[in-house]
Amino acid sequence: RLLTTGALPLGGTLPWMAPEVFQRHGESPEPSADVFSLGRLMFFVVTSLRPMHNLTHEEIRRQLRSGELEPPPWPSTWACGSPAK
């Protein structure tokens, strides 16, 4: 993103986007937003769980607006290495 000129407006899928991308309203995101998304991708690779898989896009937007975004489940909350149901 930093090396591209004339880039189109940002897009993306809410569960994978850094919160600041959603909250900056037209401002260019910081490079840390890419690191955040990479972290979400790595979480998916390790756990096979999509980020915020149990939330609708409207629920994600509400949490982003209120600043109460749920953290992903941590492996210590899992039983026998598989996500708790």
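With which residue does Arg 65 form a salt bridge? In this predicted model, the partner of Arg 65 is Glu 58, and the closest N and O atoms of the pair lie 3.8 Å apart. Glu 58 also forms a salt bridge with Arg 61, for which the closest N and O atoms are 3.7 Å apart. The structure holds two salt bridges, and Glu 58, Arg 61 and Arg 65 are linked through them in a network. Because Glu 58 and Arg 61 are three residues apart in helix H3, about one helical turn separates them.

The buried residues of H3 are Ile 60, Gln 63 and Leu 64. These residues cover an arc of only 100° around the axis, and therefore lie on the same side of H3. The buried residues of H3 pack against helix H1, which comprises residues 19-23. Gln 63, found in helix H3, counts as buried because its relative accessibility is 5%, below the 20% cut-off. When residues up to four places away in sequence are not counted, Gln 63 touches Leu 55, Glu 68, Leu 69 and Glu 70. Leu 55, with its neighbours within four places in sequence left aside, is in contact with Ile 60, Gln 63 and Glu 70.

Leu 55, Ile 60 and Leu 64 are among the nine residues of the largest nonpolar core, which also includes Leu 14, Met 17, Ala 18, Val 21, Ala 33 and Met 52. A nonpolar patch on the surface is formed by Leu 38, Leu 41, Met 42, Phe 44, Val 45 and Val 46, which together have about 560 Å² of accessible area.

Helix H3, residues 57-66, gives way to a segment in which Gly 67 is placed. Gly 67 follows H3 with a positive phi, near 75°, and is exposed, with a relative accessible area of 62%. Although Gly 67 and Gln 23 are 44 residues apart in sequence, their C-alpha atoms are 9.8 Å apart in space.

Note on methods: Residues are numbered from 1 along each chain as its sequence is written. This is a predicted model: local features need pLDDT of at least 70, side-chain atom pairs count only at pLDDT 80 or more; totals for chains, interfaces and linings use all residues. Side-chain values use heavy atoms; hydrogens and water are left out. Helices (H or I, at least four residues) and strands (E, at least two) are DSSP runs, numbered from the N terminus. Buried means under 20% relative accessible area, exposed over 50%, partly exposed in between (1.4 Å probe, protein chains only). Contact means heavy atoms within 4.5 Å. The arc is that of the directions from the helix axis to the C-beta atoms. A nonpolar core is a set of buried Ala, Val, Leu, Ile, Met, Phe, Trp, Tyr and Cys residues joined through side-chain atoms within 4.5 Å. Patches are made of residues with over 30% relative accessible area and no salt bridge: like charges are joined within 9 Å, nonpolar side chains (Val, Leu, Ile, Met, Phe, Trp, Tyr) within 5 Å. Accessible areas come from the Shrake-Rupley method with a 1.4 Å probe; for residues, only the protein chains shown count as cover. A salt bridge is a side-chain nitrogen of Lys or Arg within 4 Å of a carboxyl oxygen of Asp or Glu.
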